[in-house]
Amino acid sequence: MPYYLGVMSGTSLDGLDIALIEQSQRTQLLATHYVPMPSELRADLLALCSPGPDEIARTAAAEQHWVRLAAQGIAALLQQQNLEPAAIRAIGSHGQTIRHEPAHGFTLQIGNPALLSELTGICVVSDFRRRDLAAGGQGAPLVPAFHESLFGTQNGPRAVLNIGGFSNLSLLETGKPIQGFDCGPGNVLLDAWIQRHRGEPYDRDGAWAASGQVVAQLLHTLLDAPYFHTQGPKSTGRELFNLTWLDQHLSQLPPYAPADVQATLLELSAASIIGALTAAQQRTEALLVCGGGAHNATLMRRLAELLPGCAVDSTAAYGVPADWVEAMAFAWLAHCCLEAIPANRPSVTGARGLRVLGAIYPA
């Protein structure tokens, strides 16, 4: 059976997820490996998400660092599994998104697939977003088609929610075209705020947020952002939701305790997710959550409270570990590319039609 590797480095910039799958009639996760993001590389990549001096040289240097990290992680996983590079049909590498501005017709992921292929001796498939963008789509989210392949046989209207730096939904209802879109911030503001005030990389279990009180005035102001009032297809990123955006709103309001701001940011993530879901799909029987946010007990509780009558649970309850869905998705996208299977969904991205996604760098 064909083996594929998927490499995912998301907007949270915490590390690289590497998943080994076997792809036949269904996708089976065989092994995983996580590579923490070095603080220097994280700072370099975060800086590249905003305009700055000497961007071309800085981008090239960060890209080299990212690729070598990915290659080391792949070598470690193969060694753990006693596999040779020749056993892997392809690596699906998303690279690292540093800009995503579909309104201006571009998206940029760095990850030098040619170098990754040289370092690993394995065919690499990358650059998944731009073909959809060229066809008039948002180029994101790309995972709904994979969510459909994993969970499309379940009964009743349901949704798959990925909560990484940003949150995105895939709406699955038998007999209807799949829908999907970015809801808004997932962990990105929560992580940035706790890093600023407590020096911690993330709010474990949402404990700090749970210690604060939601500030209604701040929440109302943040939810007034035009993005939350648009329908899909739509996608977003750090270009819109970032600490500068938050600081601009805070500067116009009375000072609040940092824990209360954190509580409000968690409520912003939960409310924007459920608001987007109920606007697009009035009745949802099951919400399957993946990504790092699935481990935030406070956020998961709020999602359940805001969506009574719906079963809210991790994708792990359905046999797919929550932390590895996206890395699996890019391994699956590599398979689709090599088999010339269209992997975008026009009903999700707004593209003019189905397209085969990805560029191939042979071993």
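Strand β7 (residues 158–163) pairs with β8 in the antiparallel sense, over 6 bridges. Strands here are DSSP runs of E of at least two residues, and helices are runs of H or I of at least four, numbered from the N terminus. Two strands pair if DSSP finds at least two bridges between them. This is a predicted model, in which local features need pLDDT of at least 70, side-chain atom pairs count only at pLDDT 80 or more, and totals for chains, interfaces and linings use all residues. Residues are numbered from 1 along each chain as its sequence is written, and side-chain values use heavy atoms, with hydrogens and water left out.

β7 and β8 form a hairpin with 2 residues between them. Ile163 has Ser167 of β8 as its bridge partner. On to the next strand. β9 (residues 179–185) runs antiparallel to β8, joined by 6 bridges. Phe166 has Pro185 of β9 as its bridge partner. β8 and β9 also form a hairpin, with 6 residues between them. In that turn, Gly175 has a positive phi of about 90°.

Now β8 itself. Of its 7 residues (166–172), 7 are buried, so the strand is largely enclosed by the rest of the structure. Buried means under 20% relative accessible area, exposed over 50%, and partly exposed in between (1.4 Å probe, protein chains only). Phe166, Asn168, Ser170 and Leu172 point one way. Ser167, Leu169 and Leu171 point the other way.

Elsewhere, Gln213 sits in the loop between α7 (207–211) and α8 (216–223). Gln213 counts as exposed because its relative accessibility is 58%. Its C-alpha atom is separated by 4.8 Å from that of Asp260, 47 residues apart along the chain. Leaving out residues up to four places away in sequence, Gln213 touches Asp260, Ala263 and Thr264. Contact means heavy atoms within 4.5 Å.
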